[in-house]
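Hello,

Here is the structure I promised to hand over. Please open it beside this email, and then read on for what turned up.

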Amino acid sequence: LQALAEPDRCLVSGRARSIHLGDDRRAIGVVGELAPDIRTKAECPERVGWFEIDLDQLIARIFPQRPIPFKAPSRFQRVEREFTWICIDDLPYEDLANATASAAGDLCAGVSLITIYRGAPYPLGKKAVSLRVALQSDERTLEDRDLNQASERIVARVQADTGASLRTG
């Protein structure tokens with residue numbers, strides 16, 4: 001915290017500071033004690049602390065935006081496949097999605113959650129998680145053998161990485 005060069009008129013002089021993030025000299029906010037005349041108007045006899053933070057600046061400094069590289073959409077057809085996994089209840093969706101995307105490799109155009117189901121016929125502590133996987137090539141139309149190979153890789157990777165099993169039937 002650094003002393004404000006010009007304390008806000010609503011704050012007690014000498015009891016106000018600007019808020020800085022790290023060594024950055026640009027203030028992202030202010031903190032201080034409300035002036036007695038403001039407290040009197042609010043019928044508050046006690047000392048009151050007040051702060052203000054510019055959340056847009058805070059977020060921009062913590063998470064600097066990086067340019068998003070342009071990628072032209074593929075002119076080839078996108079194909080979607082659905083997988084339903086039976087897994088332990090504590091397994092995060094992210095683990096299933098990451099294993100799926102990794103196994104699909106360059107053909108993976110996206111993984112999305114369809115549903116999570118708990119209850120009969122699955123025992124307590126188990127759940128069924130359905131994912132939709134979009135497969136697409138930037139170079140050619142995918143053939144059945146490409147799709148079958150990608151599906152086999154996905155099943156093998158998800159089972160190996162997460163212990164989930166593919167629901168059949």
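Predicted model: local features only at pLDDT ≥ 70, side-chain atom pairs only at ≥ 80, totals over all residues.

The peptide bond that joins Ala-120 to Pro-121 is cis. Its omega is about 10°.

Next, the lysine in β7. Lys-127 belongs to this strand, which covers residues 126-135. Is Lys-127 buried or exposed? Lys-127 is buried, and yet has no salt bridge. The nearest side chain of opposite charge is that of Asp-89, 4.6 Å away. The Lys-127 side chain does reach the backbone oxygen of Leu-91, at 2.7 Å.

What else does Lys-127 touch? Leaving out residues up to four places away in sequence, its contacts include Trp-85, Ile-86, Cys-87, Ile-88, Asp-89 and Leu-91. Ile-116, Tyr-117 and Arg-118 are also among them.

Now the aromatic rings. A pair of aromatic rings is described by the distance of the centres and the angle of the planes. How many aromatic pairs are there? The count comes to two.

- Phe-83 and Trp-85: the ring centres are 6.0 Å apart and the planes lie at 10°, so this pair is stacked. Phe-83 counts as buried, at 6% relative accessibility. Trp-85 is buried as well, with a relative accessible area of 0%.
- Tyr-117 and Tyr-122: the centres are 6.0 Å apart and the planes lie at 70°, so this pair is edge-to-face. Tyr-117 is partly exposed, with a relative accessible area of 38%. Tyr-122 counts as buried, at 16% relative accessibility.

One last stop: Glu-43. Where is Glu-43? Glu-43 lies in the loop between α1 (36-41) and β4 (49-53). Its phi is near 55°, a positive value in a residue other than glycine. Glu-43 counts as exposed, at 73% relative accessibility.

Over to you.

Best wishes

Notes
Residues numbered from 1 in each chain as written. Heavy atoms only, no water. Helix = DSSP H or I, 4+ residues; strand = E, 2+ residues; numbered from the N terminus. Buried < 20%, exposed > 50% of the residue type's maximum accessible area, 1.4 Å probe, protein only. Lys, Arg positive; Asp, Glu negative; His and termini not counted. Salt bridge = Lys/Arg side-chain N within 4 Å of Asp/Glu carboxyl O. Polar contact = N/O pair within 3.5 Å; in protein donor to acceptor, adjacent residues only side chain to side chain. Contact = heavy atoms within 4.5 Å. Phe/Tyr/Trp six-rings, centres within 6.5 Å; stacked < 30°, edge-to-face > 60°.
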